Amino acid sequence: MYKCFLRFFLHSKLPRAQNIKQFADKFSYLVATLGLFQKFGKYYDLIYREVVDYEGECNFVEKVFKTFCREKPRKILDLGCGTGSHALFLAQRSYEVTGIDVSNVMIERARKNAEEANIKADFLVQDMRTIKLTEKFDCAICMFGGFGYLPTYADLVKLFSSLTRHLKERGLFIFEFWSVGGLKPSPYRTWLKRQDKNSTLYRMTESNFSPETNILTIDMHFIVIHNGKSVDIFEEKHPIRCYTVAEMRHYVNSNNFELLSVYNWDTENKMEFTEPEKDTFRIMAIARSK
Ligand SMILES: C[S@@+](CC[C@H](N)C(=O)[O-])C[C@H]1O[C@@H](n2cnc3c(N)ncnc32)[C@H](O)[C@@H]1O
């Protein structure tokens, strides 16, 4: 395989130092993201159904529709839909929802959740940077940090161009991003415990922020104990790109969209349109295609 990399260096037209740095960044990102959610996906709902108020967040999405849309949207595209929690709450409220996610494990879970709840929604394994669907949507959402998994500006450009092809004219894009201003000092450590029937899951995380790349790397360590025996021990490294509001406004507005508003998503009551503070970490953005 190294011959392949060598050929890449030798035949590239970029200046060598820049070439090596770009390659190293891309390669380390690829290695870091390889297999993301492959194991974590199995326990995702156990962890986050207690943490995320999915129903409340869907109430907020509907409040955004009432505030920013002339007509009620019908077709919604959920980018990085994960196990489908938002998609399923919205589908229950009579929207036609398609969820896409790059992880086959997450999409399998989403399909299973839909089947168990007897709710109709489409779930497809697709990358949000290269969406390939034949229909257009009134609105797209990208909730709970999915947006941060795009590491570079080139990835954002791809996402916005892919969205432009799949949103109707003046379609809304509602997405959460994490703000540099709200970061805790590195290293930042957390742990949690979840109980499910006979199993106990422990997750320890350590997050480190790189000011050079604006990437927050979250090292996650999992231990699952079943009937007193450890049955699953694994690790995942999640690199999340963080932004300032000014940077995000510039990126959105330079890519065929207009940033209409940003809201504080750290608050308990997510249904309020409150302005972000300097130290707000989670920010909900509302953009419209031009
Ligand atoms: C933190 S999870 C959020 C899942 C879901 N939106 C929720 O609120 O529970 C982030 C999701 O984004 C997905 N993702 C990351 N990069 C992606 C990409 N390029 N295209 C599509 N999905 C992506 C991951 O596989 C993961 O399921």
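Reply: Two packed helices are described by the angle between their axes and the distance between the axes. Here helix α4 (residues 54-68) and α5 pack at an angle of about 60°, and their axes are 9 Å apart. α4 is therefore oblique to α5; angles under 35 degrees count as roughly parallel, over 145 as roughly antiparallel, 65 to 115 as roughly perpendicular, and the rest as oblique. Axes are lines fitted to C-alpha atoms, for helices over the stretch in contact, and angles run from 0 to 180 degrees between N-to-C directions. Helices (H or I, at least four residues) and strands (E, at least two) are DSSP runs, numbered from the N terminus. Please note that this is a predicted model: local features need pLDDT of at least 70, side-chain atom pairs count only at pLDDT 80 or more, and totals for chains, interfaces and linings use all residues. Residues are numbered from 1 along each chain as its sequence is written.

Me: Which handedness does the crossing of α4 and α5 have, and which residues of α4 and α5 meet?

Reply: The crossing of α4 and α5 is right-handed. A crossing is left-handed if the near helix is turned anticlockwise from the far one by less than a right angle, and right-handed if clockwise. From α4, Tyr54, Glu55, Glu57, Cys58 and Val61 meet Ser85, His86, Phe89 and Leu90 of α5; two residues are in contact if their C-beta atoms, placed from the backbone, lie within 7 Å. By class, this contact of α4 with α5 has five nonpolar, two polar and two charged residues. Ala, Val, Leu, Ile, Met, Phe, Trp, Tyr, Cys and Pro count as nonpolar, Asp, Glu, Lys and Arg as charged, and the others, Gly among them, as polar.

Me: At what angle do α3 and α6 pack?

Reply: α3 and helix α6 (residues 104-117) pack at about 50°, with 8 Å between their axes. That angle makes α3 oblique to α6. α3 passes α6 in a right-handed crossing. Gly41, Lys42, Tyr44 and Asp45 in α3 meet Val105, Met106 and Arg109 in α6. The residues of this contact of α3 with α6 comprise three nonpolar, one polar and three charged.

Me: How should I read a sheet, and what is the order of the open sheet of four strands?

Reply: Strands of a sheet pair through backbone hydrogen bonds, either parallel or antiparallel. The open sheet of four strands has the order β6-β7-β8-β9, and its pairing is antiparallel; two strands pair if DSSP finds at least two bridges between them. β6 (188-196) and β9 (229-241) stand at the edges with a single partner strand each, so one side of each has no neighbour in the sheet. From one strand to the next, the twist averages 15°. Strand β7 (residues 199-210) and strand β8 (residues 215-226) pair over twelve bridges in the antiparallel sense. Ser207 has Ile218 in β8 as its bridge partner. Helix α3 (residues 40-48) lies across β6, β7, β8 and β9, running at about 85° to β6.

Me: In what order do the seven strands of the other open sheet lie?

Reply: Their order is β3-β2-β1-β4-β5-β11-β10, with mixed pairing. β3 (122-125) and β10 (257-264) are the edge strands, each pairing on one side only. Strand β4 (residues 137-142) and β5 pair in the parallel sense over five bridges. In β5, Leu167 is the bridge partner of Phe137. α4 packs on this sheet and touches β4, β5, β10 and β11 (282-289). α6 also packs on the sheet, touching β2 and β3.

Me: Which backbone details deserve attention?

Reply: Most residues other than glycine have a negative phi, and most peptide bonds are trans. The peptide bond from Ser186 to Pro187 is cis, with omega near -5°. Pro187 is in the loop between β5 (167-178) and β6. Phe37 has a positive phi of about 70°, although it is not a glycine. Phe37 belongs to the loop between α2 (16-33) and α3.
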